[in-house]
Amino acid sequence: MATAQSRGGPGAAPLYEVFSSVQGEATRVGERHLFVRLAGCDLECVFCDTPASRRIPAKARVFFPSGVEETPNPVAADDLDRLVARLDEEAGPHHAVSLTGGEPLLFVDFLRPLAKRWRERGLAILLETGGHRPAELEAMLDVVDVVMADIKLASSAGCAVDPGTARAFLRLAATKECAVKLVVSGHTTADEVVEAARLVADCAPRTPLILQPVSGLRFDPPRGEHLLLLQQAAMREHRAVRVIPQTHRALHLR
């Protein structure tokens with residue numbers, strides 16, 4: 001397996017998997033999406049629910065209704081386009097294509113023309129991102145419909161994005177339909193969510209802030225009382241605060 005630095009180029013990129021499922025997070029929860037998961041990430045969040053996607057497999061998996069097929073990495077843009085078109089036909093219709101990872105903003109030159117093609121076919125483009133690459137987001141904005149961004153908390157992610165970087169990212173994201181997620185654990189403090197809520201209120205005041213309990217007992221998810229306290233604290237800075245768990249996990253979906 002290769003590392004995240006083996007990124008391919010504008011005509012090809014490392015792919016982890018492609019599949020059709022229900023969007024299980026944030027404000028588009030419940031919609032049927034076609035997920036394109038790129039391989040490779042420049043962050044190492046403790047709570048990551050797809051840690052294997054940080055590295056590049058020799059072959060990517062595509063989950064068709066008829067069975068799983070594999071394609072060698074890196075995947076050419078035209079080949080990925082054909083796979084997406086086929087999956088949309090066989091497992092669709094879909095509300096949107098979700099670009100996820102890993103970190104999809106590592107592959108802007110590869111994704112831009114593909115996203116444009118998919119939008120022309122009537123599919124919305126949802127970008128799931130760590131929220132820490134504003135220059136790359138700016139380059140993608142005109143071919144993206146929804147931005148779903150994280151604000152990393154040290155208590156749950158084990159890392160935190162520089163506030164200035166997060167501020168620049170959110171100001172760009174706010175020009176689109178946008179949702180900001182905070183993955184919270186049993187160790188997350190009110191001070192952390194207040195700081196994040198203040199940042200969203202300042203940079204993207206119409207954007208919902210989603211408190212998402214970390215999945216899996218090994219990550220110490222917050223108890224219900226703790227979640228209510230965190231939401232209460234955040235709402236003092238930003239009224240549009242919701243608590244939404246990863247619903248696809250509860251449904252045993254990908």
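Student: What covers the buried residues of helix 5?

Tutor: In this predicted model, the cover includes strand 8 (124-129), helix 3 (134-140), strand 9 (146-150), strand 10 (177-184) and helix 6 (190-203).

Student: Which residues of helix 5 are buried?

Tutor: Start with the general idea: an α-helix has 3.6 residues a turn, so residues three or four places apart point the same way. In helix 5 (residues 163-173), the buried ones are Ala166, Phe169, Leu170, Leu172 and Ala173. They lie on the same side of helix 5, because they cover an arc of only 160° around the axis.

Student: And where does Asp162 reach at the start of helix 5?

Tutor: There, a side-chain oxygen of Asp162 comes to within 3.1 Å of the backbone nitrogen of Gly164.

Student: Let's turn to strand 8. Which way do its residues point?

Tutor: In a regular strand the side chains alternate between the two faces of the sheet. Here Ala124, Leu126 and Glu128 point one way, Ile125, Leu127 and Thr129 the other, and all are buried. With six of six residues buried, strand 8 is largely enclosed by the rest of the structure.

Student: In what sense does strand 8 pair with strand 7, and how does the chain cross between them?

Tutor: Strand 7 (residues 96-100) pairs with strand 8 in the parallel sense over four bridges. The chain crosses from strand 7 to strand 8 through helix 2 (residues 108-120), in a right-handed β-α-β crossover.

Student: What about strand 9?

Tutor: Strand 8 pairs with strand 9 in the parallel sense, over four bridges, and Glu128 stands opposite Met148 in strand 9. The crossover from strand 8 through helix 3 to strand 9 is a right-handed β-α-β one.

Notes:
Residues numbered from 1 in each chain as written. Predicted model: local features only at pLDDT ≥ 70, side-chain atom pairs only at ≥ 80, totals over all residues. Heavy atoms only, no water. Buried < 20%, exposed > 50% of the residue type's maximum accessible area, 1.4 Å probe, protein only. Helix = DSSP H or I, 4+ residues; strand = E, 2+ residues; numbered from the N terminus. Arc of directions from axis to C-beta. Contact = heavy atoms within 4.5 Å. Polar contact = N/O pair within 3.5 Å; in protein donor to acceptor, adjacent residues only side chain to side chain. Pairing = 2+ DSSP bridges. Right-handed = clockwise from strand over helix to strand, strands pointing away.
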